[in-house]
Amino acid sequence: MLYRSMFALMLLVVVAQADISTAADMPEADLAKIRQAAPSAATAKPKKPRKVLIFSRATEYAHESIPWGAQALRIIGEKSGAYTPVLSEDPAMFDRDKLFEFDAVIFNNNCGNPVSDPVRRKNLLDFVRGGRGLVGIHCAAHLDWPEYTDMIGGYSISHPWNAGSTVTIKSEEPAHPLVHCFGDESFEYTDEIFEFDRFSRDKVRVLLSLDTDRTDMKRPKIKRTDGDFALSWIRTYGKGHVFYCALGHQKDVYWRPATLEHYLAGIQFALGDLPADATPHPVSASAGKNNKTLNLVFCCRGDNDLYRVMAVDGKKYQRFDTPVQAVKNAPQGAGLLFLADRYPQKITQIDQQIFEQAAKKKLRLYVEYSASLPDLSVGKTPAYLKTGPYSAIVERTVVTSDAFGPDLKKMRIMAINDCHYLPVEAKSPLLVLARVEGYDTAVYGLSKEVHPILFEHPRGDIMVSTTKLSQFVTARYSPSEAWSPVWRMILGWLQPGREVPTLTWTPTVRPSFGKSQPLPQNAQAQAMRRGVEYYGKSRLYIHPSWPKDKTGIDPLPADWPHGDGSHGIGECYISKRIFADGSQAVNRTIRADCNLEAAMGLACGAVALGESKYGETAKKLGDQIFFHSSISQGVRADPTNPCFGLLGWGVNSEHVHYGDDNARATLSAIATAAMLKSDRWDEAIIRTILANFRTTGPKGFRPARIEGPQLQANGWRHYYNLDFIEFRPHMQSWIWCTYLWLYDKTKYEPFLDRARTGISLMMKAYPNWSLEANRVEQERCRMLLPLAWLVRVEDTPEHRKWLDKIARYVIDLQDASGAIPQIPGHVVTSNENYGTNECALVHETGDPATDALYSINFAFIGMHEAAAATGDVRYDKSASKMADFFIRTQTTSEVHPELDGTWYRGFDFKKWDYWASDGDAGWGVWTNEIGWTHSWITATLALRQMKTSLWEYSADSKIKRHFDKWRRQMLPDKNSTACLPFGKTRYLIEYGRAVSN
């Protein structure tokens, strides 16, 4: 890790077996200073006699100050009478019978891995969850133990301010019982100062933080970009209490009276003797005392996002519930913000008299979502964003002024989710809603129809928002980086000439790790586990009691029951249906591919995690699709029907048969069966592969979509003999994978012949391939898997050359972050075309988005299988980079557990945010497809964790024993090699149209 390598450059202190926390080698003068500085009385009266373990073992860098800290913590307890201290460095103290003798444990500067035994680690987690206390001092936030890091609240990654550095620290809540010892003002402090990752204000209540306005922020090793440098916090963990303080590197820290008072208060909080509010503040203000330079008054509820970001402790700015109170109490010349409460259902009501009174007091006003404005006509009914096919949002937020400065230039595009607005005519608006093409910038300017969102009132003292801009955290406005400049402009306009803070907050749904943040050793295992656990957390399992009349674009009510998999799983959370409360609409469509892919992800988890419950759910999903659902029943279960064996696209769309979707469903079923060591679906798998195969022509190509009535009218032999070519890997390539796999098990030559012929023609046509929805890289990524498996069955120089050609394309394209950039085949030429079709996530090559629905997800499994098939280290390195990328970009969310542990389709690997052009009419940036995206990523992580490949793991399948039975019935001998003469009727399919040539 970066932190370890940095320490490696320092003088390493070897940790002896003896107890280095004793006072034997400490100067008596230092002990006297500690005794003098230690509090003479407990902060709170202990509820009962307390016993505290002070644990000082370090296995990496051993701080010289450990004995000083241990003695200070001992003396504090003895002198104040708050607890009886026991000093130790013996990990055996975490044996259950010993540990549970204590009321709390203090980790004293324990860098490294001081508790390595899994049983002892679990004991500590149970100890705290069950109601006891945990305290961490300084390097206690640098343990190589993810569950501990989650419990303590953060992981120290570096110390930009080395030992002896003087910084300014601010007390975020001066009246809080744990920090009143520091006074009301910011204070200077000399010590080594950490910065943290895996830290979230959604989990902890921050007490002390770095005052970035009065501290040298030009240190070269600073990694955090949000200005949030917490130094002390508390939290609850289960029934227990946790206190952490980063101060404690230097010896002299331990005879500073205020610091020791802070320690004592924190220890007594952890013991449960000192009541203190540990409710997390999910948002923060990093501007220090600059906030106090703004003369602002808020009229809103206390939970308003902007108010919470600006005033974490709730006391820095006056806040009132009604406009009358706010204007009456606002100081002369103040900036007054009327923010929309209960949006979007309730419109802000402000009497004209209020505006007149505000003008007399020379107040500058920011007003949002107001039913009335002086001298302007406001629409009585809120309007809503226009929607396109599949209810995709086509209007976007566009900057139409230079007022926001260089960080937010004119024609910049943003997203306001669930944007309800009041129609108003305004000249020279600053922000508008408009239908515009582009990635970050409206490349063709504004469309004809625009709707003002933010503008300056003609009177000159009112800034108007026709919607609620102050919902930017809760409603997940995007991209996150764009919204601080918006508010800096508004606040600066309210208080001209005054310093405006840079606002920072923790997004409620965000990547799990930063772009360059060191990953823990078990990061892959943890990401895989979270991916497997997500299926149950997602609330997507269908329950039979769910209303049938829902459109599929509604949020799931909190009281809706969860299914168990026996009725299937829904497809995804929908991209642009993110509501004002940050929840997201559900597409409850039951699809064959998504359900069997989910079964695969669960089955891989069952093996990799050794937890059978996931396998049981996988069986339910597989059984539902193959044995019970209309997807496989009806004409598809009738051996005399040409549709026999095919899987319908989904419930209510059973008549639609996509070859590619059938192939992915089948591959997923193969993986699931292998993981569960089950043959329950072997015959169904054979039937599905044969059904695809007998609708595949002699050149190895199959029409992408065959409707049931069309197939029944033509018969399957029509397609089996159709001399047909389609140079579109998205629709063809994984079908070949199923043929190659079943050929390997059965040696049925026509499988190999048609797969090899199709692949050969495809590679000879390269790079002149057709594109699915204008995505170039997608087609290349989809060819990796069939080429890898072709090498498995026929390892020839030519086949390896084909594989290497495609693999090199992907590797050369791959970003340093591991992302595969999206490459469009052509540029969309007008605003009017935006949002009308399925499309790429970028406007032009160079836009920094990757696509985890169509490209990198399939490149991941394809490159992994290519590395396993060939042993080529370049392929393995590329797959490893993709794995790290997915580990980092996996969603994390405390606020929305149904969105925690998955992956969205779109990701901007420059901004490191879920952002791209959301013009896709069906599946946009914020879609988390449970099958295509989530399941293939989760399964590939599991395969990597198990150090195997899908080909190898499924190699022992006994599926052959059923093959002859179904082959003879579905593909009689007289038809098995029949085809039309070469070239008699040839079709080249481009962009979904058949052209005879």
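Is Asp 623 buried or exposed? Select Asp 623: it is buried, with a relative accessible area of 14%. Buried means under 20% relative accessible area, exposed over 50%, and partly exposed in between (1.4 Å probe, protein chains only).

This is a predicted model, where local features need pLDDT of at least 70, side-chain atom pairs count only at pLDDT 80 or more, and totals for chains, interfaces and linings use all residues. Residues are numbered from 1 along each chain as its sequence is written, and side-chain values use heavy atoms, with hydrogens and water left out.

Arg 680 and Asp 623 form a salt bridge, with the closest N and O atoms 2.7 Å apart. A salt bridge here is a side-chain nitrogen of Lys or Arg within 4 Å of a carboxyl oxygen of Asp or Glu. Arg 680 lies in the loop between H15 and helix H16 (682-693) and Asp 623 in helix H14, so the pair ties together parts 57 residues apart in sequence. Helices (H or I, at least four residues) and strands (E, at least two) are DSSP runs, numbered from the N terminus. At 34% relative accessibility, Arg 680 is partly exposed.

Next, select Arg 591 and Asp 661. Their side chains meet in a salt bridge (3.5 Å, N to O). Arg 591 sits in the loop between strand S25 (584-587) and H13, Asp 661 in helix H15 (residues 659-676). Both are buried.

Last stop: Glu 726 and Arg 728. Their salt bridge spans 2.5 Å, N to O. Glu 726 is buried at 1% relative accessibility, and Arg 728 is buried at 7%.
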